[in-house]
Amino acid sequence: MRFRVSTSIAAPRELVETAFVDPAFYAELGTLPNLRPPEVLSIEEDGDQVRLRIHYALQADLAPAVRRVLDPEKITWVEESTVHRAEHYTEFRMVPEHYVDRMECAGSYRFEESGPDRTEQVVQGDLVIHYPLVGRLVERAILTGMRQHLTEEARLLEQWAQREG
């Protein structure tokens, strides 16, 4: 399923982008619902590119139809991403730890200035759940959770920017 999610963040683009390469920001993400605190596995800088590997684990109640397909304790993944600072663009790939043959998710996000102290985060990509009959239902449930998470993350980024700016 192809997806596109746009989220408005009341913070300057530079501060928003800086948060995404700061390990302390990922520690704060652990305060949001539905995720355990992420673990920064690696951050490697190479010129204006930054490669990150962040471990995530779901911590949420799932709909019964989703639980028939996915064990909530096994919904863990590593997000591998490359930040292209000069282009304000990040490519990502989610690598599941348990459902390797059942889930694929990759895409990109970019940060666009939409005012002096406002940033638009545009996330797009493809999510595929390989499971007969309920795959689309699971994809929709995951995308609903992703939209909710990005909205909550935006509020956290605004707080971060107020402290850091």
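Biologist: What volume does the largest cavity have?
Modeller: Rolling a probe the size of a water molecule over the atoms shows where empty space is left. Here the largest cavity has a volume of about 50 Å³. A cavity is a set of points, on a 1 Å grid over the protein atoms alone, where a 1.4 Å probe fits but cannot get out. Grid points are joined across faces, edges and corners, and a volume is the space filled by probe spheres set on the points. This is a predicted model, in which local features need pLDDT of at least 70 and side-chain atom pairs count only at pLDDT 80 or more, while totals for chains, interfaces and linings use all residues. Residues are numbered from 1 along each chain as its sequence is written, and side-chain values use heavy atoms, with hydrogens and water left out.

Biologist: How many cavities of 30 Å³ or more does a search of the whole structure find?
Modeller: The search finds 1.

Biologist: Which residues line the largest cavity?
Modeller: Lining residues have an atom within 4 Å of a point. For the largest cavity they are Glu 17, Phe 20, Val 83, Arg 85, His 88, Tyr 89, Thr 90, Tyr 109 and Phe 111. They divide into 5 nonpolar, 2 polar and 2 charged. Ala, Val, Leu, Ile, Met, Phe, Trp, Tyr, Cys and Pro count as nonpolar, Asp, Glu, Lys and Arg as charged, and the others, Gly among them, as polar. β6 and β7 each supply at least two residues of this lining. Strands (E, at least two residues) and helices (H or I, at least four) are DSSP runs, numbered from the N terminus.

Biologist: Is Ser 108 buried or exposed?
Modeller: Buried means under 20% relative accessible area, exposed over 50%, partly exposed in between (1.4 Å probe, protein chains only). Ser 108, in strand β7, has a relative accessible area of 10% and is therefore buried. Leaving aside neighbours within four places in sequence, Ser 108 has contacts (heavy atoms within 4.5 Å) with residues including Tyr 89, Thr 90 and Val 123.

Biologist: In which sense do β7 and β8 pair?
Modeller: Two strands pair if DSSP finds at least two bridges between them. β7 and β8 pair in the antiparallel sense over 12 bridges, forming a hairpin with 2 residues between them. Glu 113 stands opposite Thr 119 in β8. β8 is also joined to β1 (residues 2-9) by 8 bridges, again antiparallel, and Val 5 stands opposite Val 123 in β8.

Notes: On a 1 Å grid over the protein atoms alone, a cavity is a set of points where a 1.4 Å probe fits but cannot get out, and a pocket is an open set with protein on both sides within 12 Å along at least five of seven lines; lining residues have an atom within 4 Å of a point.
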